[in-house]
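Please read the model below alongside the text, with the sequence and the coordinates both at hand.

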Amino acid sequence: MKSPFVVEIRPEQNINTTFLVLAKDIRQKKSGDPFLSLMLADKTGELDAKMWDNAAEVMETFDRDDFVRIKGLTQNFQNRLQLTIHKLQKIEDSEIEVGDYFPASKHDPREMERELRQLIAGFTNPHLKALLETIFADERLATAYRTAPAAKSIHHAFLSGLIEHVLSMAKVAKFTASHYPDIDVDLLLTGVILHDIGKVHELTYHRGFGYSDEGQLVGHIVMGFQMVTEKAAGIPGFPPRLLQLVQHLILSHHGQLEYGSPKVPVFPEALLLHHIDNLDSKMEAMRWTLERDTRIDGFWTTYNPSLERVVLKKLRYLEDKPAVAAAAPPQQQPKSAPAAAQQQQQHPSGGPRPQQNSLFADKLSQAIKSH
Ligand SMILES: [Fe+2]
Ligand SMILES: [Fe+2]
């Protein structure tokens, strides 16, 4: 059993354990000697690591997506956990339990698939029911659907994140639909189930998460549109106009042209689908940001580029004991990096973002508060 997991690691801790290499950079010190800058990970989070000495001996022996055994020491660097590597050795997949390294939904994928199939069985519209049953009769597709993450890094970026996202949205869809008159629940739920289906091929998720070549070139909206259009073509008598509505649900679910949708939502179910998708992804992004924040001290998480903000650690803030928090951060805020760790310093504009909530800023705000 791997120990410790990223979530358990504290500053000034001697580490001797295994990680997945998420990112590997060879850089140069002022002296001209190389050093290694790595992003290491396990299923609980990510850890920034540097190998300053003897990097030349090991830097060609492993690559991104490999597993490595690391000996080193952690420290608090600019209010974040950083590991200084003393020894690094590549290890084989057979030496580790692969499940320890990839974040996964807390729910059982097969149980979630059963829930999804029950949802479809409850449809009253025979055409939409037939469409969904045809899609999930494809075993390869069904397996990919219950395994895929919902995103590379922004929200539900863990194995089976897509189906978890869809089931969560389905619950919101049901009670939202009951509030607004004239909503066609079956149509809305069809949009919920199919809106991100293109992600099963857009993303790669056998090691670290990334985009497939087709995903980079075509994207999940058009890929999902194509998949559903092809399946519907195999159902005799599927009403062409109903198919257009389903196609529109997929095409418009990002809500605005600048977010990648070629069409804005033009009927109520499409508008609702967009807002439910946005709500569920943002709520999950906030939860994830809080759970995996790397900052050791203070009330604020690091900047989250998808949410375009830092997030308040509400419980710590309400306790209002910064000195205590500094010594022993509360358990509910593990100090591992979020999946978007590589993006944390990135402003949505793409340029580096000025450091928010620096130690200086934290001290300044506390000084102001105490006056
Ligand atoms: Fe999407
Ligand atoms: Fe989504």
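This is a predicted model: local features need pLDDT of at least 70, side-chain atom pairs count only at pLDDT 80 or more; totals for chains, interfaces and linings use all residues.

Residues are numbered from 1 along each chain as its sequence is written, and chains are lettered from A and ligands numbered from 1 in the order in which they are written.

The secondary structure of the protein amounts to 14 helices and seven strands; helices (H or I, at least four residues) and strands (E, at least two) are DSSP runs, numbered from the N terminus. Of the 371 residues, 35% count as buried. A residue is buried if 20 or more other C-beta atoms lie within 10 Å of its own, exposed if 12 or fewer, and partly exposed in between, with C-beta atoms placed from the backbone. Among contacts with a separation of 6 or more, 60% come from residues 24 or more positions apart; two residues are in contact if their C-beta atoms, placed from the backbone, lie within 7 Å.

Five strands make a closed barrel in the order 1-2-3-5-4, with mixed pairing. Two strands pair if DSSP finds at least two bridges between them. Neighbouring strands of this sheet are turned against each other by 50 degrees on average, direction ignored, where axes are lines fitted to C-alpha atoms, for helices over the stretch in contact, and angles run from 0 to 180 degrees between N-to-C directions. Strands of a sheet pair through backbone hydrogen bonds, either parallel or antiparallel.

Strand 1 (residues 14–28) can be followed to both of its partners. It runs antiparallel to strand 2 (residues 34–42), joined by eight bridges; A23 stands opposite M39, and K24 has L38 as its bridge partner. The two strands form a hairpin with five residues between them, and G32 in the turn has a positive phi of about 100 degrees. Strand 1 is also antiparallel to strand 4 (residues 67–77), through seven bridges. Here T17 stands opposite I70 and T18 opposite R69. Strand 4 in turn pairs with strand 5 (residues 80–91) in the antiparallel sense over 11 bridges, with T74 opposite L83. The hairpin of strand 4 and strand 5 has two residues between the strands, and Q78 takes a positive phi near 50 degrees there.

A nonpolar core is a set of buried Ala, Val, Leu, Ile, Met, Phe, Trp, Tyr and Cys residues joined through C-beta atoms within 7 Å. The largest one has 43 residues, of which A173, L188, V192, V228, I250 and L273 touch the most other members. Helix 3 (126–137), helix 5 (161–179), helix 6 (185–194), helix 9 (220–233), helix 10 (240–252) and helix 11 (268–291) each supply at least two residues of this core. Apart from it lies another core, of 23 residues, among them L36, L38, I85 and L88.

Helix 10 has 13 residues and reaches 18 Å from its first C-alpha to its last, close to the 18 Å expected at 1.5 Å a residue; the expected span is 1.5 Å times one less than the number of residues. Its buried residues are V246, H248, L249, I250, L251 and S252, and what covers them includes helix 6, helix 9 and helix 11. Not counting residues up to four places away in sequence, I250 touches L194, H195, I221, G224, F225 and V228.

In helix 3, L128, L131, L132 and I135 are buried. They cover an arc of only 90 degrees around the axis, so they lie on the same side of helix 3; the arc is that of the directions from the helix axis to the C-beta atoms. The face turned away from the buried side carries the exposed residues P126 and A137. Cover for the buried residues of helix 3 includes helix 2 (109–121), helix 4 (139–147), helix 6 and helix 9.

Some backbone details remain. Most residues other than glycine have a negative phi, and most peptide bonds are trans. N54 has a positive phi of about 60 degrees although it is not a glycine; N54 is found in the loop between strand 3 (45–51) and helix 1 (55–58). D182, also not a glycine, has a positive phi of about 70 degrees, and its place is in the loop between helix 5 and helix 6. With 7 C-beta neighbours inside 10 Å, D182 counts as exposed, while N54, with 15 other C-beta atoms within 10 Å, is partly exposed. The peptide bond from S3 to P4 is cis, with omega near -5 degrees, and P4 lies in the segment before strand 1.
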